[in-house]
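This report goes through a few features of the structure shown below.

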Amino acid sequence: MSDELTLKIENRILARMRQFEPDNPKFKEAMLRIGYLLEAQIKLNIRSRKLIDTGRLINSVKSELTKDGVQVGAYNIPYAAIHEFGGVIQARNARYLTIPLSPEFKGRYATEFNDLFVKRVGNRLFLVRSLDNGRLQFCYILRENVKIPARPYMRPALEKHKDRIIQILKDLIK
């Protein structure tokens with residue numbers, strides 16, 4: 001799991017919860033309710049923050065029962081954490097990241113095109129190609145790194161529903 005959400009609960013609630021065996025149907029039901037509640041809110045947050053491009057992120061959000069409770073997160077998506085927390089993406093295997101400038105180039109490597117050349121405009125570098133009409137087509141911008149701002153979608157789900165989660169747990173230990 002890439003990013004696990006954790007909720008701090010009063011010690012007395014935790015102590016009472018430890019009395020439940022993980023196979024207890026009431027425990028499982030409570031954990032499933034919490035998991036589905038968070039999973040639905042996380043997906044709403046992804047939509048509202050417009051973090052959908054291919055659909056991989058939103059489709060990866062799952063809740064899973066564990067022996068101790070429930071885990072909710074985005075599974076097997078390398079960029080899930082960078083959306084949640086922000087960060088810097090560095091070029092690793094080349095000097096520059098190649099960032100496509102139009103849908104035609106999205107999802108394709110610059111090396112797939114044999115007619116691209118580097119053009120400097122001010123202090124920026126681009127991969128461009130000459131068109132038949134003599135104009136240039138700007139295909140990629142070259143950057144050594146890119147700063148991605150945090151666009152949290154998991155933590156706000158937990159924050160929004162923390163009181164409801166605590167109530168579900170209190171109901172469990174009654």
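## Aromatic pairs

Rings of Phe, Tyr and Trp (its six-membered ring) pair if their centres lie within 6.5 Å; planes under 30 degrees apart count as stacked, over 60 as edge-to-face and the rest as tilted. A search of the whole structure gives 3 aromatic pairs. Phe-126 belongs to strand 6 (residues 124-130) and Phe-138 to strand 7 (residues 136-143), so the pair ties together parts 12 residues apart in sequence. Strands (E, at least two residues) are DSSP runs, numbered from the N terminus.

Phe-105, Phe-113 and Tyr-140 make up one aromatic cluster.

## Basis of the model

This is a predicted model, in which local features need pLDDT of at least 70 and side-chain atom pairs count only at pLDDT 80 or more, while totals for chains, interfaces and linings use all residues. Residues are numbered from 1 along each chain as its sequence is written, and side-chain values use heavy atoms, with hydrogens and water left out.

## Burial

Buried means under 20% relative accessible area, exposed over 50%, and partly exposed in between (1.4 Å probe, protein chains only). Phe-126, at 11% relative accessibility, is buried, whereas Phe-138, at 34%, is partly exposed.

Strand 2 (residues 70-74) has 4 of its 5 residues buried, so this strand is largely enclosed by the rest of the structure.

## Strands 1 and 2

Two strands pair if DSSP finds at least two bridges between them. Strand 1 (residues 61-65) pairs with strand 2 in the antiparallel sense over 5 bridges. The two form a hairpin with 4 residues between them, and Lys-62 stands opposite Gly-73 in strand 2.
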